[in-house]
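Please keep the sequence and the structure at hand while reading.

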Amino acid sequence: MNPFSGSAPARRRRRPLLATTAAVAALVMAATACGSSESDGDVVELRFSWWGADDRHSTMQEAIDVFEEQNPGIKVSPDYTDWGSYWDRLATSTAANDAPDIFMQEERYLREYGQRGALADLSQYGDQLDLSALDPLVAETGVLDGQTFGIPTGVNAYAIMADPQAFEEAGVEMPDDTSWTWDDYVEIANEISEATDGELAGVQSMAYNESGFQIFARQRGENLYAEDGTLAFSKETMTSWFEITERLLEGGGQPSASESVEIEAGGPDQSVLSTNQGAMAHFWTNQLGGISESSGRDIELLRYPGETEHERTGMYLKPAMFYAVSANSEHPEEAAKFVDFMLNSEDAAELTLSDLGLPSNVDMREHILGDLPPADERSAAFLEEITEDIVDGNPPPPIGAGEVVEITKRTSDDLGFGDLTPEEAAEQFVNDVSEATGSS
Amino acid sequence: MTALLHSKAGASDGPDTGARPPRTRRRAAAPRKGERRYENLAALGFLGPWFLGLALITAGPLLASLYFSFTDYNLIGEHQWVGGENYERMLTDTRLHSALKVTFVYVFVSVPLQLAMALALAMVLDRGLRGLPLYRSVYYLPSLLGGSVAVAILWRQVFGAEGLINQVLAFFGIQGEGWVSHPDYALGTLIVLNVWTFGAPMVIFLAGLRQIPAMYYEAAAVDGASPMRRFWHITVPMLTPIIFFNLVLQIINAFQTFTQAFIVSGGTGGPSDSTLFYTLYLYQRGFGAFDMGYASAMAWLLLMIIGGFTAVNFLASKFWVFYGD
């Protein structure tokens with residue numbers, strides 16, 4: 001009866017199991033042996049990886065199809081996931097020397113990968129990749145220490161999306177976004193929830209993304225990171241940022257902490273706007289198309305509150321994403337050619353429109369501006385409108401900035417569930433971010 | 001092949017086997033030895049792939065992680081030897097401490113509950129129900145599914161603010177919480193998920209119950225022992241080796257829980273770190289923060305914790321496990 005001592009009956013029982021295990025193991029080994037890559041000489045196979053929601057996956061696939069048609073010798077296999085798991089996957093595959101040939105990068109991670117030698121310097125592929133038409137405003141954002149690690153796909157801005165129909169249902173007027181203050185923002189959101197008996201959330205929690213706080217800090221003449229990568233905001237500023245969320249939670253203007261956790265986990269497709277359960281949410285301008293589509297409504301973009309309240313405006317333009325090529329790619333030239341196609345061809349531009357940001361290639365931007373679908377047109381017009389009021393850009397985030405995404409979420413939850421006061425939340429955020437970015 | 005060995009042995013020794021009994025015994029033993037050698041070879045052949053896997057897939061990375069735990073390996077770039085720095089850092093890492101707390105609560109609550117559930121159902125099934133194989137399979141099913149991604153996603157839906165559970169509660173006029181999105185309940189939801197996968201220990205309990213001789217119960221019944229008494233004085237003592245076996249296995253499993261927490265919390269261990277399991281935090285450090293050296297050190301700490309618990313379990317077993325001999 002002792003299962004550990006290997007007494008006779010136990011052994012007899014175990015034997016078939018062993019045989020099965022052995023057989024399974026043999027099968028698995030055989031299967032993996034078959035699965036190993038067999039690249040035949042004529043066709044170059046590339047892997048292209050990106051993050052996004054459903055509608056991006058289909059347009060990217062269409063772009064790949066067109067590229068393959070034009071370049072019969074190159075095959076591009078798609079490899080996509082949502083934002084949440086993208087970075088884990090990229091890190092794992094990079095560590096295993098199995099990074100995709102081409103992949104999307106983002107500001108917060110570019111330095112991490114670039115400085116550690118995981119990215120190819122794209123300036124050496126001038127024959128395949130033409131960078132002459134890049135918008136000078138963002139052209140250099142992918143250049144670190146003289147090496148071109150990333151090519152910006154487009155420009156976008158963090159802003160507020162509002163659903164006019166929800167405002168109407170609540171009987172609340174849309175704010176004048178050229179002059180509204182943070183107090184207006186809180187009042188309006190609370191009013192919407194109250195007027196609809198909580199049927200509609202005034203605004204989706206803004207505390208889950210540090211980009212909003214960055215605008216808030218810039219309005220006060222501060223920033224998230226300084227040029228040298230240290231933190232460039234005061235604890236007081238962060239405390240007042242969290243106090244806004246606290247007031248919204250108390251006033252009912254935003255969903256409860258536990259609802260917010262669920263909404264956040266669902267990504268853009270589950271945002272209060274997409275599900276018609278709220279009036280406002282904070283997103284990047286390039287997400288307008290996707291969110292408008294999933295909501296089935298004409299969502300509008302609003303400037304951030306408080307742009308005229310303090311010493312300066314806080315909104316900024318950001319390179320939406322970067323195309324990057326793995327330093328270990330076996331076919332960097334073909335990879336560069338694909339990036340060139342995505343960046344400089346009208347075919348690709350007509351497919352991606354402003355989903356990867358308003359195209360960073362100014363010719364392509366010009367080319368698509370005429371026939372954009374309404375949502376993309378609104379986001380293009382919005383960007384143009386705010387550009388004149390934008391003071392400056394941001395210094396590139398330090399190594400470790402990717403971890404700030406998690407820290408922000410965690411701190412917001414602690415605040416939302418009442419475990420931390422705004423002041424304590426600010427303290428925790430500062431400590432954790434300093435540690436993650438090595439500036440403590 | 002055996003037949004061949006037999007005939008050969010017979011031919012060399014001639015027909016007068018009856019005259020020398022000792023030789024007969026040796027002759028009879030010879031083919032069995034060959035048979036065993038053949039069996040051993042076959043066993044080794046079948047085990048070969050597994051040994052290969054052990055060496056390449058388990059032992060190699062295992063040793064590598066021990067080495068990395070003393071470096072600042074960051075997954076992508078070069079690494080340097082940092083000595084015991086990673087281990088020192090654990091002392092002051094408050095998130096590690098909260099991850100340990102979450103994991104210990106999970107292990108100490110979910111394992112006893114799961115085993116109690118498994119034993120209770122095994123006893124019901126042991127009463128000789130008709131269609132026993134069917135029930136056994138049905139109850140075993142969650143064990144096969146429990147650790148899977150699909151079920152974790154299902155769980156998130158069922159226990160969501162507008163999920164099945166809350167719809168049922170709403171029918172009774174109760175306003176439910178978002179069970180997986182509230183820090184007070186999220187861990188409890190995962191414990192329920194683990195308890196639900198009681199099938200594997202249940203099947204083992206069932207096999208154990210089958211081996212308790214019926215005469216003990218009959219004798220006790222004749223003496224007028226109540227069902228409770230029979231349970232505590234016959235079933236439990238006779239079953240202690242099985243309980244012990246399940247306990248050790250389930251504790252080890254519970255310490256290594258990852259998938260459920262990862263999927264249900266979207267990889268964050270949230271809300272508010274309430275489902276930040278040790279393995280999840282390890283994963284976050286290693287793959288989210290590129291802190292693979294530290295993550296490797298964490299893996300070794302976990303190994304030591306599990307090893308420690310298993311050792312204590314074995315030592316303590318001397319005092320309560322009854323092998324019936």
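## Domain contact and helix packing

In this predicted model, the domain assignment divides chain A into domain 1, which covers 44-154 + 319-385, and domain 2, which covers 158-315 + 400-437. The C-alpha centres of domain 1 of chain A and domain 2 of chain A are 28 Å apart, and their contact draws on 24 residues from domain 1 of chain A and 17 residues from domain 2 of chain A.

On the side of domain 1 of chain A that touches domain 2 of chain A, at least two residues each come from α2 (54-70), α3 (83-95), α4 (107-115) and α14 (374-387) of chain A. The most is given by α14(A), which supplies seven residues to this side.

In chain B, helix α11 (residues 227-255) packs with helix α14 (residues 292-320) at an angle of about 170 degrees, and their axes lie 10 Å apart. Because an angle over 145 degrees counts as roughly antiparallel, α11(B) and α14(B) are roughly antiparallel to each other. The crossing of α11(B) and α14(B) is right-handed. Among the residues that make this contact are F244(B), L247(B) and I251(B) of α11(B), together with I305(B), F309(B) and W320(B) of α14(B).

The table gives the residue classes for the two contacts.

Note on methods: Residues numbered from 1 in each chain as written. Chains lettered and ligands numbered in written order. Predicted model: local features only at pLDDT ≥ 70, side-chain atom pairs only at ≥ 80, totals over all residues. Domains from an automatic or database assignment. Contact = placed C-beta atoms within 7 Å. Helix = DSSP H or I, 4+ residues; strand = E, 2+ residues; numbered from the N terminus. Axes fitted to C-alpha atoms, helices over the stretch in contact; angles between N-to-C directions. Parallel < 35°, antiparallel > 145°, perpendicular 65-115°, else oblique. Left-handed = near helix turned anticlockwise from the far one by under 90°.
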